[in-house]
Amino acid sequence: MKIRRIALALTALLLSLSLGCGLCSCALNISANELSAGYSRRADDEGAAGEEFYSAMSALAFTLLEGSLDPDGGNTLISPFSIAMCISMIANGADGETLSQLETLLGMDIDTLNRAMYACAMGLAGEKSPFGTANSIWFRDTGIDVEKDFLQTNADWYGAQVYSSPFDANTVKDINNWCAKYTDGMIDKIIDEIPADTLMYIINAVCFDAEWEEKYEDDDIKDKSFTNRDGTVSSVKMMMSDGETYIASDTAEGFSKSYKGGKFSFVGLLPKDENTDINEFAASLDGEEWLRMWNSRGGSVKAGIPEFSFDFSVRLNDVLEDMGVCDMFDPAKAEFSRLGKSELGNIYCSYVMHKTFIEVNRHGTRAAAITWGAMNKESAMPQYVILDRPFVCAIVDNATGLPLFVGTVTEIR
């Protein structure tokens with residue numbers, strides 16, 4: 001139980017660094033055919049998130065961070081919770097080796113994972129919680145026969161809203177409106193158009209909006225300098241405070257600062273050696289080391305947090321492939337028979353994208369994340385035909401099809 005509490009705090013802490021509030025009061029204007037009423041929650045099991053789940057999510061969080069770091073040194077921000085939510089929904093449609101790879105990535109079998117994700121989300125969210133999450137499934141109204149069990153499972157454990165649509169310009173607006181709604185307007189656009197071979201989008205949104213437990217007064221805001229990774233110096237507004245909780249390891253030190261209500265915290269960590277590159281430091285972190293730091297936190301420390309805001313996006317295909325998830329992106333190998341069928345070609349995941357926003361200021365923190373996967377049909381034609389071996393060539397009259405010249409190329413010297 002102790003590890004569970006620690007890991008729950010880790011999940012909440014990671015969320016506080018990367019998520020936003022999904023409680024936007026604006027109306028959701030959707031023209032797509034919503035089928036959600038036919039897929040309301042039928043399961044009466046409240047799920048369970050045990051030690052296995054929290055250990056797996058901790059490990060996943062820092063592995064994803066390492067793979068998402070900007071090699072050019074720019075800011076990086078991911079929501080491991082959002083990514084895990086989206087991939088878990090995708091996994092409910094997978095089978096065979098594709099499912100096996102996803103279960104290995106997520107650290108447990110899909111049935112256990114579904115129950116754990118539900119219990120975790122319910123523990124983090126709530127009417128008065130600054131954290132919110134939402135899920136949706138959008139599928140093209142022609143060209144795919146979606147399995148009802150797939151939709152029902154994701155409704156049971158993820159509350160997924162279900163939409164059928166022609167995947168036209170209106171659908172683009174609908175999807176972007178949905179994202180704006182459930183990120184409180186912080187992420188209002190994820191797609192510009194829908195490719196002709198895309199059959200489905202599976203989307204997670206997370207949102208966080210919280211005030212500080214101890215508010216900053218005007219006298220707490222100081223003009224300070226911030227040394228950037230490239231050595232340049234910027235002027236910042238530094239928020240100074242006393243009595244924050246100290247966190248340290250052999251190589252790092254930092255603090256946690258609570259948000260109002262005490263359920264979530266902001267954490268800042270610095271390598272103790274000022275000459276350590278921050279990307280190298282971030283890449284060195286793992287779930288076990290983090291839990292050791294969090295478990296041993298204690299003592300009071302003065303802290304300074306610069307006001308900042310930025311957004312970030314990353315295509316996760318390479319990151320996930322490096323983590324062993326390969327088949328789902330391969331049109332020839334992907335197995336998504338539990339998701340649906342398409343007579344137009346085998347269904348596979350063409351990409352998983354992740355987009356985040358964060359704003360930290362004297363009032364609190366606003367942040368949001370969207371993770372979405374695009375499910376496509378295998379093209380009937382190969383994407384490339386490369387003449388890299390002996391071939392026939394011809395010059396043909398377009399009107400009649402008459403070959404004016406025809407021959408073979410067997411060698412090029």
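Helices (H or I, at least four residues) and strands (E, at least two) are DSSP runs, numbered from the N terminus. In these terms the protein has 10 helices and 16 strands, and H354 has its place in strand β13. The structure is a predicted model, in which local features need pLDDT of at least 70 and side-chain atom pairs count only at pLDDT 80 or more, while totals for chains, interfaces and linings use all residues. Residues are numbered from 1 along each chain as its sequence is written, and side-chain values use heavy atoms, with hydrogens and water left out.

The predictor's confidence in each residue is called pLDDT and runs from 0 to 100. For the protein, the mean pLDDT is 86, and 86% of its residues reach 70 or more. Residues 1–24 have pLDDT under 50 throughout. Where pLDDT is low, the predicted coordinates should not be read in detail.

Some totals come next. Of the 413 residues in the protein, 49% are buried; a residue is buried under 20% relative accessible area, exposed over 50%, and partly exposed in between (1.4 Å probe, protein chains only). The protein exposes about 20,300 Å², with carbon and sulfur atoms supplying 48% of it; such areas come from the Shrake-Rupley method with a 1.4 Å probe, and for residues only the protein chains shown count as cover. Among contacts in the protein with a separation of 6 or more, 74% are between residues 24 or more positions apart.

Now to the sheet. Strands of a sheet pair through backbone hydrogen bonds, either parallel or antiparallel. Two strands are counted as paired if DSSP finds at least two bridges between them. An open sheet is formed by 7 strands in the order β1-β4-β2-β5-β14-β13-β11, and its pairing is mixed. At its edges are β1 (33–34) and β11 (308–315), each of which pairs on one side only. The partner of β11 is β13 (residues 347–360), joined to β11 in the antiparallel sense over 8 bridges; here S309 has E359 in β13 as its bridge partner. H354, also in β13, is buried, with a relative accessible area of 0%. Its side chain is joined to that of T371 by a polar contact of 2.7 Å. A polar contact is a pair of N or O atoms within 3.5 Å; within protein, one must be able to donate a hydrogen and the other to accept it, and residues adjacent in sequence count only if both atoms are side-chain atoms.

Which strands does helix α6 lie across? Helix α6 (residues 148–158) lies across β2 (131–140), β4 (161–165) and β5 (198–211), and runs at about 170 degrees to β2. For such angles, axes are lines fitted to C-alpha atoms, for helices over the stretch in contact, and angles run from 0 to 180 degrees between N-to-C directions. Because 8 of its 11 residues are buried, α6 is largely enclosed by the rest of the structure. The buried residues include F150, L151, W157 and Y158, and the buried residues of α6 pack against α3 (80–91), α5 (110–124), β2, β3 (145–146), β4 and β5.

After α6 comes G159, whose phi is positive, near 60 degrees. A160 is in the loop between α6 and β4 and is buried, with a relative accessible area of 4%. Not counting residues up to four places away in sequence, A160 touches M89, N135, S136, I137, N154 and A155. A160 and I202 are 42 residues apart in sequence, and their C-alpha atoms are 9.0 Å apart in space.

F167 has phi near 55 degrees; F167 sits in the loop between β4 and α7 (169–182) and is buried at 5% relative accessible area. D184, too, has a positive phi near 55 degrees, but D184 is partly exposed, with a relative accessible area of 25%.

Elsewhere, β6 (residues 221–227) and β7 (residues 233–248) pair in the antiparallel sense over 7 bridges, with K224 having V236 in β7 as its bridge partner. The two strands form a hairpin with 5 residues between them, and G231 in the turn has a positive phi of about 95 degrees. In strand β8 (residues 252–258) lies S256, which counts as buried at 7% relative accessibility.

How values were computed: Contact means heavy atoms within 4.5 Å.
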